[in-house]
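This briefing covers one protein chain, from its overall make-up down to single residues. Please look over the sequence and the model before reading the points.

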Amino acid sequence: MKTVLVFLLTVILVHALERGRDYEKDKVCKELAHLGKDDFRTLSLILYSRKFSSGTFEQVSQLVQEVVSLTEECCAEGADPDCYDNRTSALSAKSCESDSPFPVHEGTPECCTRQGLERKLCMAALSHQAQEFPTYVEPTNDEICEAFRKDPRGFADLFLYEYSSNYGQVPLPLLVAYTKSYLSMVGSCCTSPGPTKCFLKERLKIRNLSLLTTVSNQLCSQHAAYGREKSRLSHLIKLAQKVPTVDLKDVLPLAENITVMLSKCCESTSEDCLAKELPEYTTKVCNNLSKKNSKFEDCCREKKDLRTFKCLYFMPAALPLKLPAFKLPTNTEVCDRRNTKALDQYTFELSRRTPVPEVFLSKILETTLRSFNECCESEDSAACFTDKGSQMKKELSSFVEKGQEVCADYSENTFTEYKKKLSERLRTKLPDATPTELASLVDKHSNLASKCCSINSPPRYCDAQIDAEMKDTLQS
């Protein structure tokens, strides 16, 4: 596995095969020789499925076929010294054809206006946005074995594509480890005399690895979408909402701990980075908060393993505290670049008072922090804070109102009951709306709620949807 990771994470096949430099060619050729064609091809399929997650299976397979063929030909003994550069140039040229069989990307036309190495580097930088809503559904045992017996390699290829494209934010070594374990299970169980019993036994063996894979995809997806600092504030918001009765000092270190952990592990070359770090983080959370909140205590009763972390991570927000409004920080507190305490305190106080999901609060905080920065850079920051203070409060109120309109009652009710209560609220708010208009609004709001009103909603999707909602609100 160590050699595999060197291949995956220092060569980065996607870039190396398209740059045409001798030292990169040598690296790739050494790995091909060490791994063999089959493992090289498997790892290429995983990488390109992650990179082009919106591409079809046929498009990704065609690209992998070209890459493996190129590598085999140009790494063969006695190959033309210009083979690698010529073949990678031909590959990038083929990507520019109108009927290219490779994954489509909106940035391809721009790359195709360039020449030589510049075009290859441009092509190498292209990738699709990771999927925030995985759609992969595991087939039944019978369906798995039927497909496997019919075409073992075809089954493996399709699984690697579907899983890797759906869970593209899983740390690469972990993704390789899980898919390898899964295919090993399929190979063993579909050739055993008792497949059902075998699957039950083998799934128990890889249960933690499977859970770690799906949890890490969500953790790393949110971390990648937000970036380090916004991710830190996001975790602070969630903790403040889950346990609003504690002080900032109880939750701020935990928000910082998980942010450091994800910065380290989501791009780590170690397969077991999260497997080691998550239990340690879980222990810190339980030590800090289990005696201060009954729900945290319930989660922490069990062994401090991945299931405990999942219980803590997916815990819904508690009811917010009814406290006096918290004032905006002053210019002297905010404009000291070395001091984030005032902003952290403001984020914490706002979160524990406000009954809207983290994605809404992160959105308004982004706007607020931008306004703070603009004021700090102005000639008279004190006057700027005074002038913009009322506008920031108005924007905050508007965001909170929209969040409550969409998300009120969502987490406490079934989806059917939520839609019924939503319809009643909208009917009261819009008494002149026709039944058709009301039904359309209910469908629109409930669709947004189903994706953006939970504690760990997908940031990119929800950010765009909240923008659209706020735009409609301003225009109406």
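Of the 476 residues in the chain, 47% are buried, where buried means under 20% relative accessible area, exposed over 50% and partly exposed in between, with a 1.4 Å probe and protein chains only. This is a predicted model, in which local features need pLDDT of at least 70 and side-chain atom pairs count only at pLDDT 80 or more, while totals for chains, interfaces and linings use all residues. Residues are numbered from 1 along each chain as its sequence is written, and side-chain values use heavy atoms, with hydrogens and water left out.

**Whole chain**

- The chain has 25 helices and zero strands; helices (H or I, at least four residues) and strands (E, at least two) are DSSP runs, numbered from the N terminus.
- Its C-alpha trace spans about 75 × 60 × 50 Å along the principal axes.
- Among contacts with a separation of 6 or more, 70% join residues 24 or more positions apart; contact means heavy atoms within 4.5 Å.
- The accessible surface is about 24000 Å², and carbon and sulfur atoms hold 51% of that area (Shrake-Rupley method, 1.4 Å probe; for residues, only the protein chains shown count as cover).

**Helix α10**

- Helix α10 covers residues 152–166, which is 15 residues.
- From first to last C-alpha, α10 reaches 21 Å, close to the 21 Å expected at 1.5 Å a residue; the expected span is 1.5 Å times one less than the number of residues.
- Buried residues of α10 include F155, F159, L160, Y161 and Y163, and also D157 and N166.
- The cover over the buried residues of α10 includes α4 (37–51), α5 (57–75), α9 (141–150), α11 (172–189) and α13.

**S216 in helix α13**

- S216 lies in α13, residues 207–226.
- S216 counts as buried because its relative accessibility is 0%.
- A polar atom of the S216 side chain is 2.9 Å from the backbone oxygen of T213.
- Beyond neighbours within four places in sequence, S216 is in contact with Q169, V170, P171, L174, S221 and L274.

**D344 in helix α20**

- D344 belongs to α20, residues 341–353.
- With 2% relative accessibility, D344 counts as buried.
- The side chains of D344 and R232 make a polar contact at 2.8 Å; a polar contact is a pair of N or O atoms within 3.5 Å, where within protein one must be able to donate a hydrogen and the other to accept it, and residues adjacent in sequence count only if both atoms are side-chain atoms.
- Leaving out neighbours within four places in sequence, D344 is in contact with R232, L233, L236, L248 and L252.
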